[in-house]
Amino acid sequence: MKMVKSLAVIGLTCFASIANAADNLTVYSYRQAFLIEPILENFTKETGIKVDVVFSKKGIAERMMREGRLSKADIVLTSDFYRLMELVEKDLVVPASSDVLKQNIPQKYRSPDDEWYALTMRVRNVYSSKDRQGKLDINYEDLADPKFKGKICTRSGKHPYNVSLVASMIARHGELETKTWLEGLKANLARKPQGNDRAQVKAVSEGLCDLAIGNSYYLGKMLQDPKQKVWADAIEINFPNQDNRGSHINVSGMALAKHSKNQAAALELMEYLSGDKAQQAYAEVNYEYPVKADVAPSELVASWGTFKADDLPIYKLAEYHGAAIKLLDEVKFDL
């Protein structure tokens with residue numbers, strides 16, 4: 001009888017362990033774990049669902065393909081739109097249909113097929129030298145104006161942030177006009193495309209160029225870094241195309257992994273990340289803008305001023321991705 005009871009206890013213990021494991025979630029993240037762990041800890045406190053984060057700067061899609069059905073990923077967090085597109089193209093995610101997600105996240109910042117949702121957004125800004133240019137009322141189109149010859153710095157045209165900008169130009173102007181624009185922009189570069197977005201601001205502060213193309217959130221990161229604050233203090237942040245279509249937007253986002261073992265809990269976490277508390281916290285730590293319309297940005301980000309965003313739905317950029325790469329190759333932008 002004692003043996004039967006012992007076996008029963010062992011069985012119940014094993015069952016409980018399996019149940020607890022089923023309630024755990026694993027997030028594969030292109031964003032560093034420390035940026036999201038406080039939010040996930042609050043989610044665990046509220047729901048009892050534990051969340052582990054696996055961070056990788058690159059290669060998550062390839063890892064998920066290798067792992068196949070054995071993948072531990074429940075949710076994937078990305079740092080830009082094209083990482084989301086890659087997951088969809090490689091059939092690594094499934095639709096996450098949720099009235100909560102659709103209510104919290106505007107239509108232009110989510111997949112029409114519910115395959116991904118934006119979490120935060122950032123602007124592709126034009127930074128200008130405070131001393132040599134000052135605050136500017138500028139359009140992206142103006143970057144090809146000969147008056148800026150030898151005055152512009154940017155990272156590689158092939159970086160996803162710039163490919164996205166070129167795709168948005170194609171969506172508005174067509175390939176022929178965008179190619180002419182790229183040729184003009186290349187002619188105005190002070191140096192070959194190189195470095196990251198922060199390196200462009202550094203170049204402006206050092207007088208190598210007067211204008212730089214960069215994402216808005218890097219300004220927040222530089223202002224909090226004692227060594228880089230001097231770069232940030234030397235520039236103005238300008239929101240392009242405010243008198244017409246609005247500034248180009250890119251997003252960070254999330255998607256439900258195809259082989260998630262606990263889709264119900266994963267969906268619960270996605271809904272939580274789209275809610276007020278998580279949106280505010282996530283945007284504040286990253287110096288980005290919440291996608292939920294009624295959540296305010298951080299005090300620092302708000303101090304940069306309001307802006308009008310391009311109303312082109314983010315998912316439309318995927319249609320022009322290939323054409324953008326082709327044009328960048330044709331004009332030999334990085335050479």
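**Figure 1. S129, a buried serine in strand β5.** In this predicted model, S129 counts as buried because its relative accessibility is 2%, below the 20% cut-off for that class. You will find S129 in strand β5, which covers residues 117–129. Leaving aside residues up to four places away in sequence, S129 touches G134, V204, D210 and A234.

**Figure 2. The largest pocket and its lining.** How much space lies in the largest pocket? It is about 750 Å³. The lining of this pocket is made up of 22 residues, and those that lie nearest the centre are Y30, K57, Y161, Y217 and Y218. Sorted by class, the lining holds 10 nonpolar, 7 charged and 5 polar residues. As a reminder for this view, rolling a probe the size of a water molecule over the atoms shows where empty space is left.

**Figure 3. Helix α4 and what covers its buried residues.** Helix α4 runs over residues 81–89, and its buried residues are F81, Y82, L84, M85, E86 and L87. Just after the helix comes D91, with a positive phi of about 55°.

**Figure 4. The largest nonpolar core, with a closer look at Y109.** This core has 99 residues, and the members that touch the most other members are M64, Y109, L143, W181, M254 and L269. Helix α6 supplies the largest share of the core, 10 residues.

**Figure 5. E41 in helix α2.** Helix α2 is where E41 lies. Is E41 buried, exposed or partly exposed? Its relative accessibility is 48%, so E41 counts as partly exposed. For scale in this view, the C-alpha atoms of E41 and D52 are 10.0 Å apart in space, while the two residues are 11 residues apart in sequence.

**Figure 6. Positive phi at D91 and N241.** Most residues other than glycine have a negative phi. D91 lies in the loop between α4 and β4, and D91 counts as partly exposed because its relative accessibility is 45%. N241 likewise has a positive phi, near 60°, and is a residue other than glycine. The loop between β8 (235–238) and β9 is the place of N241. With a relative accessible area of 0%, N241 is buried, whereas D91 is partly exposed.

Terms used
Residues are numbered from 1 along each chain as its sequence is written. This is a predicted model: local features need pLDDT of at least 70, side-chain atom pairs count only at pLDDT 80 or more; totals for chains, interfaces and linings use all residues. Side-chain values use heavy atoms; hydrogens and water are left out. Helices (H or I, at least four residues) and strands (E, at least two) are DSSP runs, numbered from the N terminus. Buried means under 20% relative accessible area, exposed over 50%, partly exposed in between (1.4 Å probe, protein chains only). Contact means heavy atoms within 4.5 Å. On a 1 Å grid over the protein atoms alone, a cavity is a set of points where a 1.4 Å probe fits but cannot get out, and a pocket is an open set with protein on both sides within 12 Å along at least five of seven lines; lining residues have an atom within 4 Å of a point. Grid points are joined across faces, edges and corners, and a volume is the space filled by probe spheres set on the points. Ala, Val, Leu, Ile, Met, Phe, Trp, Tyr, Cys and Pro count as nonpolar, Asp, Glu, Lys and Arg as charged, and the others, Gly among them, as polar. A nonpolar core is a set of buried Ala, Val, Leu, Ile, Met, Phe, Trp, Tyr and Cys residues joined through side-chain atoms within 4.5 Å.
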